[in-house]
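Open the model in your viewer and show it as a cartoon. The stops below follow the chain.

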Amino acid sequence: MTDPDSTAPAPSDTPSSTPPDARPEAGGRRPLMALAWLWVGAPFAYGVYELLLKMRLLFTG
């Protein structure tokens, strides 16, 4: 019988095989990321606020 892991490639010492200069810079995406967080976060925060107001009315009458 053969070991199923015997065909697996040997682990390399580097974290990835691509050179570090091949990756796009994350700094160029920061404004887009901030806009995405606002796009999702603002309606979510408003929904939580409305939920809390309606819960207060439900439990206090």
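The model is a predicted one. Of the 61 residues in the chain, 0% are buried.

Next, select residues 30–60, which make up helix H1. The number of buried residues among its 31 is 0, so H1 lies largely in the open. Now check its length. At 1.5 Å a residue, H1 should span 45 Å, and its end C-alpha atoms are 43 Å apart, which agrees.

Move to Gly 41, where H1 bends by about 25°. Pro 43 follows within four residues of that point.

Then select Phe 44, Val 48, Leu 51, Leu 52, Met 55, Leu 58 and Phe 59 and show their side chains. Together they form a nonpolar patch on the surface, with about 770 Å² of accessible area. Leu 52, one of these, lies in H1. In an α-helix there are 3.6 residues a turn, so residues three or four places apart point the same way.

Finish at Gly 61, which follows H1 and has a positive phi, near 75°.

Note on methods
Residues numbered from 1 in each chain as written. Predicted model: local features only at pLDDT ≥ 70, side-chain atom pairs only at ≥ 80, totals over all residues. Heavy atoms only, no water. Patch = residues over 30% accessible without salt bridge, like charges linked within 9 Å, V, L, I, M, F, W, Y side chains within 5 Å. Areas by Shrake-Rupley, 256 points an atom, 1.4 Å probe, with all protein chains shown as cover. Salt bridge = Lys/Arg side-chain N within 4 Å of Asp/Glu carboxyl O. Helix = DSSP H or I, 4+ residues; strand = E, 2+ residues; numbered from the N terminus. Buried < 20%, exposed > 50% of the residue type's maximum accessible area, 1.4 Å probe, protein only. Expected span 1.5 Å × (residues − 1). Bend = angle between axes of the 7 residues up to and from the residue.
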